[in-house]
Amino acid sequence: MTSEMIINHKEKANELLKADAEKILKLIKVQMDNLTMPQCPLYEEVLDTQMYGLSKEIDFAIRLGLVEEQVGKKILDELEKELSNLHEASIRK
């Protein structure tokens, strides 16, 4: 495989992971706007499942050498911070 192909695969992997993270962020934002988590535990379970799936995607990409570990950790850390903000907001409500 040429170095250009490797770079393209790495860029594509990063784009896909960021797109998946953005989908989860949108779910979090909807919850933040509505603060319905206490009334809808299913939504929280969906978020947890999505986060777990993304973490496995990131782990796989890291193991393939397509994503640096720090980049994957940063993506998850940012989403976990938003989830934490969501939990705090629902408690304050």
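Me: Is Asn14 buried, partly exposed or exposed, and what relative accessibility does it have?
Reply: In this predicted model, Asn14 counts as partly exposed because its relative accessibility is 21%, and buried would mean under 20%.

Me: Where does Asn14 sit, and which residues does it touch if I skip those up to four places away in sequence?
Reply: Asn14 has its place in helix H1, and, with residues up to four places away in sequence not counted, it touches Leu66, Val67 and Val71.

Me: OK, Leu66 then. Where is it, and how does its accessibility class come out?
Reply: Leu66 is found in the loop between H2 and H3, and it counts as partly exposed because its relative accessibility is 24%.

Me: Which residues is Leu66 in contact with, leaving aside neighbours within four places in sequence?
Reply: With those neighbours left aside, the contacts of Leu66 are His9, Lys10, Ala13, Asn14 and Ala61.

Me: Zooming out, how many helices and strands does the protein chain have?
Reply: The protein chain has three helices and zero strands, and reading along the sequence gives the pattern α-α-α.

Me: At what angle do H1 and H3 pack?
Reply: Helix H1, residues 3–34, packs against helix H3, residues 69–92, at an angle of about 5°, and their axes are 10 Å apart. That angle makes H1 roughly parallel to H3, because angles under 35 degrees count as roughly parallel.

Me: Which residues meet there?
Reply: From H1 there are Asn14, Leu17, Lys18, Ala21, Ile24, Leu25, Ile28, Lys29, Gln31 and Met32, and they meet Val71, Ile75, Leu79, Glu82, Leu83, Asn85, Leu86 and Ala89 in H3. By class, the residues of the contact of H1 with H3 are 12 nonpolar, three polar and three charged.

Me: What about pockets, how much space lies in the largest one?
Reply: The largest pocket holds about 160 Å³ of space, and its lining consists of Lys18, Ala21, Glu22, Leu25, Ile75, Glu78, Leu79 and Glu82. The elements that give two or more residues to that lining are H1 and H3.

Me: How do the lining residues divide by class?
Reply: The lining of the largest pocket divides into four nonpolar and four charged residues, with no polar ones.

Me: Switching to Gly53, where does it lie and how exposed is it?
Reply: Gly53 lies in helix H2, residues 41–63, and it counts as partly exposed because its relative accessibility is 28%. The C-alpha atoms of Gly53 and Asp20 are separated by 9.5 Å, with the two residues 33 apart along the chain.

Me: Last one, what share of the protein chain is buried?
Reply: Of the 93 residues in the protein chain, 26% are buried. As for contacts between residues at least 6 apart in sequence, 71% of them join residues at least 24 apart.

Conventions:
Residues are numbered from 1 along each chain as its sequence is written. This is a predicted model: local features need pLDDT of at least 70, side-chain atom pairs count only at pLDDT 80 or more; totals for chains, interfaces and linings use all residues. Side-chain values use heavy atoms; hydrogens and water are left out. Axes are lines fitted to C-alpha atoms, for helices over the stretch in contact, and angles run from 0 to 180 degrees between N-to-C directions. Angles under 35 degrees count as roughly parallel, over 145 as roughly antiparallel, 65 to 115 as roughly perpendicular and the rest as oblique. Contact means heavy atoms within 4.5 Å. Ala, Val, Leu, Ile, Met, Phe, Trp, Tyr, Cys and Pro count as nonpolar, Asp, Glu, Lys and Arg as charged, and the others, Gly among them, as polar. On a 1 Å grid over the protein atoms alone, a cavity is a set of points where a 1.4 Å probe fits but cannot get out, and a pocket is an open set with protein on both sides within 12 Å along at least five of seven lines; lining residues have an atom within 4 Å of a point. Grid points are joined across faces, edges and corners, and a volume is the space filled by probe spheres set on the points. Buried means under 20% relative accessible area, exposed over 50%, partly exposed in between (1.4 Å probe, protein chains only).
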